[in-house]
Amino acid sequence: MADPSTSPPLTRASVAEARERIRALVHRTPVVTSSSLSAMASGSGSGPKPKLRLWFKCENMQRVGAFKARGAFHALERLKKEPGWLAGGGAERGVVTHSSGNHAQALSLAARANGIPAYIVMPTISAAPKIAATRGYGATVVFSGSTSVEREAVTAKVVQETGARLVPPYDHPDIVLGQGTLGLELQEQVEQAMAAEEEQMQAAGDATQQDRTKRKKKRGLDAIIAPCGGGGMLSGVALSCEDTGIRVFGAEPSAGGADDGKRGYESGTRVEAVSSLTVADGLRTPVGRVPWSVIYERRLVGGFYSAPDDAVLRAMRLAYERLKLVVEPSAAVPLAVVLYDPEFRAMVEREAGDEGWDLGIVLSGGNVNLDALGGLFAAVADEGGDGASK
């Protein structure tokens, strides 16, 4: 990647610049709502009863099926501007990363779009569909062992043999800024939807909606909750909300210690290693140094919350039933927190009060093995049938 010292500052303005840089290269994914899920989130049983209206940012509809395309395209656009990289044959030598997930496919696609070779180091135990998808985007797959030490050793060998430039999945300013573009889109899309809704209600003379509009101090989101693995996307979203008044929270699976961000945030020390077999396999990584500087050191994230794997699978099933969307387990973690974590729900009830919150939820991706999908859904109980999308 481009030398981090040459990267733009980690600010909201830099996220806006990143959006212009990749505007023509990625999708402006839709934002959808569900009255039934908002009602479930607001609660009617025992326990906290926050007032919530949910807005879902559908990055499962992004290129390669995940938000990772944003960071990969932005990283390559920045790399091409590095003085001497193109002239010195950098494009011919290519790029390399180690990943068995969405970043592998994202970098492969971005490299192919630029006519640049891509080398992807993947563990031999990687799922066959992921290997095939990565190769399908034109990358050369190089196999390694499954530990981080083994992957990094093979990656270093590829760099030595080819001269390819390493593009990490999350721990670099250019990746953070690229991922943060989804946060800007989400904010603008919700504001536009609210404005259109208000116009319709005013035209129809709906006094209830007009009263609600008057109570709101401002039009738009009150908060966003996003999944966190390495933290590139969460920190980017946090930058996109800087000085807007929109609060940002991280969501993690709690299984097997995958809630490293939460533990590190609460202790004040970044957790540097994670070993977990959570079903949310995209979130099995520790928060990187660059994301941590935004998330914790600058306090641009207001806190972390977590959910167990059974709650994640229930939320994943609800997204399918109520939103008619296929999302991967990692993408369902924020919805699981919103629906089932009493700590998060109590916080919202306390801090949002009677006015409630308009809450953005990032559905980060939809790359799930379809052969396994039925089994994942069968592992959890139906919570109200296959209700109509609302």
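**Notebook: cysteines, sheets and helix packing in a predicted model**

I searched the whole structure for disulfides, taken as pairs of cysteine sulfur atoms within 2.5 Å, and found zero. The model is predicted, so I read local features only at pLDDT of at least 70 and side-chain atom pairs only at pLDDT 80 or more, while totals for chains, interfaces and linings use all residues. Residues are numbered from 1 along each chain as its sequence is written, and side-chain values use heavy atoms, with hydrogens and water left out.

**Cysteines**

I then noted burial, where buried means under 20% relative accessible area, exposed over 50% and partly exposed in between (1.4 Å probe, protein chains only). Cys228 is buried, at 1% relative accessibility. Cys241 is also buried, at 4%.

I took helices (H or I, at least four residues) and strands (E, at least two) as DSSP runs numbered from the N terminus. Two strands were paired if DSSP finds at least two bridges between them. Strand E4 (residues 118-123) runs parallel to E5, joined to it by five bridges. I recorded Ser144 in E5 as the bridge partner of Pro123.

**Six-stranded sheet**

I traced another open sheet, of six strands in the order E1-E2-E10-E7-E8-E9, with mixed pairing. Strand E1 (31-33) and E9 are its edge strands, each pairing on one side only. From one strand to the next, the twist averages 30°. E8 and E9 run parallel and are joined by four bridges. Pro253 is opposite Ala307 in E9.

I looked next at the helices lying across these strands. H8 lies across E1, strand E2 (52-58), strand E7 (223-227) and strand E10 (357-363), and runs at about 130° to E2. Helix H11 (residues 260-267) lies across E8 and E9, at about 145° to E9.

Is Gln189 buried or exposed? Gln189, found in helix H8 (residues 173-204), is buried at 10% relative accessibility. Leaving out residues up to four places away in sequence, Gln189 touches Arg28, Thr29, Pro30, Val31 and Lys57.

I also examined helix H1 (residues 12-22), which packs with H8 at an angle of about 95°, their axes being 8 Å apart. H1 is therefore roughly perpendicular to H8; angles under 35 degrees count as roughly parallel, over 145 as roughly antiparallel, 65 to 115 as roughly perpendicular and the rest as oblique. Residues of H1 that meet H8 include Val15, Arg19 and Ile22, and those of H8 include Leu177, Leu184 and Glu188. By class, this contact of H1 with H8 has six nonpolar, five polar and four charged residues. Here Ala, Val, Leu, Ile, Met, Phe, Trp, Tyr, Cys and Pro count as nonpolar, Asp, Glu, Lys and Arg as charged, and the others, Gly among them, as polar.

**Helices H13 and H14**

Helix H13 (residues 309-323) packs with helix H14 (residues 329-340) at about 100°, with axes 7 Å apart. H13 is thus roughly perpendicular to H14. Among the contact residues are Val312, Met316 and Leu318 of H13 and Val333, Leu335 and Tyr340 of H14. I noted twelve nonpolar, no polar and one charged residues in the contact of H13 with H14.

**Positive phi**

I checked for positive phi in residues other than glycine. Asp243 has phi near 65° and lies in the loop between helix H10 (232-240) and strand E8 (247-253). Asp243 is exposed, with a relative accessible area of 79%. Arg299 has phi near 55° and is in the loop between helix H12 (289-297) and strand E9 (304-307). Arg299 is partly exposed, at 47%.

Definitions and conventions
Contact = heavy atoms within 4.5 Å. Axes fitted to C-alpha atoms, helices over the stretch in contact; angles between N-to-C directions.
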